[in-house]
Amino acid sequence: MTTSLDEVAYKMCAGGKGILAADESSSTIKKRFDAIGVESTFDNRRDYREMLFRSDEAMTKYISGVILFDETIRQKAKDGTPLVELIQKADSIPGIKVDAGAKPQPGAPGETITEGLDGLGGRLKEYYDLGARFAKWRAVIDIGAGIPSYTSLIANAQALARYAALCQEANIVPIVEPEVLMDGDHDIDRCYDVTEWVLKEVFQQLFYARIRLEGMVLKPNMIVPGMKSPKQVSYEQVAEKTVRVLKNCVPSAVPGIAFLSGGQSDEAATGHLDAMIKIGNLPWNLTFSYGRALQAAPQKAWSGKPENWGAGQAAFTHRAKMNYLAALGKWAADEEKKAA
Ligand code: 13P
């Protein structure tokens, strides 16, 4: 049992492959569809995700696993094949988002606590039967005047640890995702300090919860300046600070670290990962677990039109391939110019 957890966790981040985060909640996918003028119906969401999961080259060569939303893990392709089966056939691993979202936290104005622990043990059993072999839980930490607070940080770290324990008990690999947001005008050093604090608290709570580190995946933010910061930095600076904070906080027993993109441009998300791998001598496999940085391009290319199915798949394949090359430290910016 433990071996299989370890194997899944390892496979999720190995060989340059990374994870497609396609677990947008109903409200988030509606926002994405609004931006491309597509109505967010059950069928349109199915068609869009089916297009991604049927992208053979991307799914077989570059994508190790897909994070699904509750609706999608139960959904069938147009021809009746379960979407989960499309993912499995490509030798990719289905996963499931299990948190119920970040809600305002009492006693911590401006901060959130991620909910969804009640009944989670039973839900994980059902998801396992539906094919899920890993799960995701996202804690959200904002940076601002006087925040984050210890109140919010410790509550989120404890929730992550309880979720991870329930996952491992259900033989499901937990993706532990404490996301420090890149909104705001703080500089890169403030992001470093907050992320270091967050990761220290999270690994402390994972220890108290008796989590098997070999059977989990960490999904952190990179160390970047706030989007509104006047002091933007190079790919190499982001890479150096991100690797430094990870080396200071993440035990080498953790097999893989898969980053979120968090609002970075497609190319920056790729370039930062590539620059980290080029530093070398890393104790864990580093890879991507992107939502927006893998999907913005295919969403635009597809725009809800059946005749754009091929263009959507090509755009997805291009981004998946760029990130695969980056996770091997073989990405070159001029590859980007070879349009999808
Ligand atoms: P982004 O890459 O768009 O940040 O999404 C990844 C994710 O799964 C956030 O929870």
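A: Happy to. Let us start with helix H8 (residues 150-169) and helix H9 (residues 188-208), whose axes come within 8 Å and cross at roughly 40°. Here axes are lines fitted to C-alpha atoms over the stretch in contact, with angles from 0 to 180 degrees between N-to-C directions, and helices (H or I, at least four residues) and strands (E, at least two) are DSSP runs numbered from the N terminus. H8 and H9 are therefore oblique to each other; angles under 35 degrees would count as roughly parallel, over 145 as roughly antiparallel, 65 to 115 as roughly perpendicular, and the rest as oblique. The crossing of H8 past H9 is right-handed, that is, the near helix is turned clockwise from the far one by less than a right angle.

This is a predicted model, in which local features need pLDDT of at least 70 and side-chain atom pairs count only at pLDDT 80 or more, while totals for chains, interfaces and linings use all residues. Residues are numbered from 1 along each chain as its sequence is written, and side-chain values use heavy atoms, leaving out hydrogens and water.

Which residues make the contact, taken as heavy atoms within 4.5 Å? From H8 come Tyr150, Leu153, Ile154, Ala157, Gln158, Leu160, Ala161 and Ala164, and they meet Trp197, Val198, Glu201, Val202, Gln205 and Leu206 of H9. By class, the contact of H8 with H9 has 11 nonpolar, two polar and one charged residues. In this scheme Ala, Val, Leu, Ile, Met, Phe, Trp, Tyr, Cys and Pro are nonpolar, Asp, Glu, Lys and Arg are charged, and the others, Gly among them, are polar. An α-helix has 3.6 residues a turn, so residues three or four places apart point the same way.

Now for the loops beside this pair. Pro148 lies in the loop between strand E6 (134-141) and H8, and the peptide bond from Ile147 to Pro148 is cis, with omega near 10°. Beyond the other helix, Arg210 sits in the loop between H9 and strand E8 (217-218). Although not a glycine, Arg210 has a positive phi of about 60°. Arg210 is also exposed, its relative accessible area being 76%; buried means under 20%, exposed over 50% and partly exposed in between, with a 1.4 Å probe and protein chains only.

Asn281 is found in the loop between helix H11 (266-279) and strand E10 (285-290), has a positive phi near 60°, and is exposed, with a relative accessible area of 76%.

Technical notes:
Contact = heavy atoms within 4.5 Å.
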